[in-house]
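Please read them with the structure open.

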There are 2 protein chains.
Amino acid sequence: MTRVAIDLLGGDAGPGVVADALAQFLRQPASPDVDRSSPVSLCVVGPRNLTEELLAERGVDIHGEHAADIAHANDCVPMTSSSQETLALVRERDDLTSTVGIDALRDGRADAFVSIGHTGATVAASVFGLGRLPGMGRPGLAVELPSGRGPLVFVDCGAAPFATEHDLIRFACAGRVYARSLGIAAPRVGLLTIGSERGKGDRLRKNADALLESAFAADYIGPVEGHDLVGDCAADVVVVDGFTGNVALKSMEGALRWSVSTMARAYGNDGPARELLRTSHFLSGGVLLGVPGAVVVGHGASSPIEIIACINRAAALHAGGVVDEVRRSLDAFGQLDARGEPLDAA
Amino acid sequence: MTRVAIDLLGGDAGPGVVADALAQFLRQPASPDVDRSSPVSLCVVGPRNLTEELLAERGVDIHGEHAADIAHANDCVPMTSSSQETLALVRERDDLTSTVGIDALRDGRADAFVSIGHTGATVAASVFGLGRLPGMGRPGLAVELPSGRGPLVFVDCGAAPFATEHDLIRFACAGRVYARSLGIAAPRVGLLTIGSERGKGDRLRKNADALLESAFAADYIGPVEGHDLVGDCAADVVVVDGFTGNVALKSMEGALRWSVSTMARAYGNDGPARELLRTSHFLSGGVLLGVPGAVVVGHGASSPIEIIACINRAAALHAGGVVDEVRRSLDAFGQLDARGEPLDAA
């Protein structure tokens, strides 16, 4: 039984949509979206009364038939908080959904944590509460993108607004472990840059290109461009600094939304528009690699189906032992400081 | 009469597709895609014999009914050239389509230059051959993205792999002039970053945010995210460093291609897939802002219709006096060196 803690608050649409997802999940027999291969128990992180009330409204009795725990939290970091405000809130308050959820993970009361709230708050609470895996500088947010051959792991999608070349090596290392857990036997690594030839791009990309080649040899395929990210890419893991990764992911999201609205204008809301929406679920969230815990960050605008996908992803992350495997895999590299620089450098 | 020089070589599919576009353009009465509001004469830049041969094959006699000039060039910079190879080629050889085309522009034998060849070659030939407008550091490649309210000008899409905050101010200034030429009376400026609050992002974004506010006051709307770029953005001009801009543009392109192939799988190549392709023509190319000449850089995979759109865009750029207007507008700012730093700084 995997115990998944889930943040009730946060998200763009408020707690109602999370409660919808939880109600659907807890009434498993009625839901085709729930993966029942590994059983999951839920711990809802949020105000106790609100949690009970929202679930009761949806016909779910968490003290009876549809058992779930509650970890009480008063509040969440508002979606509009700046980085500085977020850091201060997460440092000062132990009654936020992000800090309560991560504390449950740290203290062994939960096996995984899911939030569709403020990404920076979940990342900060994870790093403050859990620390970083030995060898890791900044953690990276890894999203699965669809490709013809299976999922492509894209990391970092915005856990940090910058990265060093040493961070990119760790992203590749952790991303390969995650890709293996998704069924890719020998994941190949690519570097997101501009131009398809080696040696294009800025200083970060040039330095990273050399380091990636020396670290991964034939498993490093070289540069990957933005238009390769979905559909047909030679790499299984693509690494990038979190600023560029976040812009790339959101740009794809915007273009997909544009496509959906174009289809809706031409053919109505059913048919093509719905088919396109169905295939763009890869935008629903990612996993935080490099912290000693299974943490899934969902998109703030997630639908109930996408929230359930995050819960299943978190459970699989735990059940697959990905964190321990990342820990083992990082052992080959030296330690990094919080700026992503080698600790043993002058 | 606007004289547009166009690079026959380069492009992903070879000169045939450019010849198709030229034949269609020169047989204007048969082509609904040709904008006849301002008359255009063409100067084809490429090997003389090949030009005559390809056009004759398409039933076009450039010495007779469908008059066009030829500016002979032997070769082009190969699409696979690295930045270093490209710089060396453009510096050393005056018989490349990029250098011959830009020379024609500089010497007044053409009013505008269009190429769907190597972007770096066109940018380098422009900067070496024409110089930069006073006040400009790096030129920026500006692409029109579709929004609900009219075109959105996105700059830099990859003329240079980095930018300083001072470059971003110039991109905004030149981008606003270009946006006005597209019919937007009072263009508002946005800064592409991560997160919708002021003060998010890396050091470049933080510095640029303050400078943009002081330069454009109420015309600066603040941060814009990747998912705002197409469809519904509060800004008319969005500025970004060329590395991130290139990744964002190509990521949107990839997502659109993914959408088109999803539609084609579900409904065949006609209908939804074709409708989606029709609305994604904004990926066909951009204009180079900040050099003293009208230069249009087309996508290497442009179709004949998209190449004709580039020719019309180049003619409009010249006819609208955009370059002189950018020159006047840049006068308010100090000069920058080639690294984008103020010349009068210590």
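1. Which strands of chain A does helix α10 (residues 304-319) lie across? Helix α10 of chain A lies across β1 (2-7), β2 (40-46), β4 (112-115), β10 (285-289) and β11 (294-298) of chain A, and runs at about 160 degrees to β11(A). Axes here are lines fitted to C-alpha atoms, for helices over the stretch in contact, and angles run from 0 to 180 degrees between N-to-C directions. Two residues are in contact if their C-beta atoms, placed from the backbone, lie within 7 Å. Helices (H or I, at least four residues) and strands (E, at least two) are DSSP runs, numbered from the N terminus.

2. On conventions, this is a predicted model, in which local features need pLDDT of at least 70 and side-chain atom pairs count only at pLDDT 80 or more, while totals for chains, interfaces and linings use all residues. Residues are numbered from 1 along each chain as its sequence is written, and chains are lettered from A and ligands numbered from 1 in the order in which they are written.

3. The sheet of chain A is open and has 11 strands, in the order β3-β2-β1-β4-β11-β10-β5-β6-β9-β7-β8, with mixed pairing. β3 (69-72) and β8 (220-224) of chain A are at the edges with a single partner strand each, so one side of each has no neighbour in the sheet. From one strand to the next the twist averages 25 degrees. Strands pair if DSSP finds at least two bridges between them.

4. How many residues does each chain bring to the contact between chains A and B? Chain A and chain B bring 44 residues each. On the chain A side, α8 (242-267) and α9 (272-278) each supply at least two residues, and α8(A) gives the most, with 20 residues. By class, that side has 18 nonpolar, 17 polar and 9 charged residues (Ala, Val, Leu, Ile, Met, Phe, Trp, Tyr, Cys and Pro count as nonpolar, Asp, Glu, Lys and Arg as charged, and the others, Gly among them, as polar).

5. Helix α5 (residues 119-130) of chain B is largely enclosed by the rest of the structure, because 11 of its 12 residues are buried (20 or more other C-beta atoms within 10 Å of the residue's own, placed from the backbone). The buried residues, including T119(B) and L130(B), pack against α3 (83-92), α4 (97-106), β4 (112-115), β10 (285-289) and β11 (294-298) of chain B. Just after the helix, G131(B) has a positive phi of about 80 degrees.

6. Two loop residues deserve a look. A160(A), between β6 (150-155) and α6 (165-181) of chain A, is buried, with 24 C-beta neighbours inside 10 Å. Beyond four places in sequence, A160(A) is in contact with R138(A) and G242(A). G10(B), between β1 (2-7) and α1 (15-26) of chain B, is buried with 26 other C-beta atoms within 10 Å.
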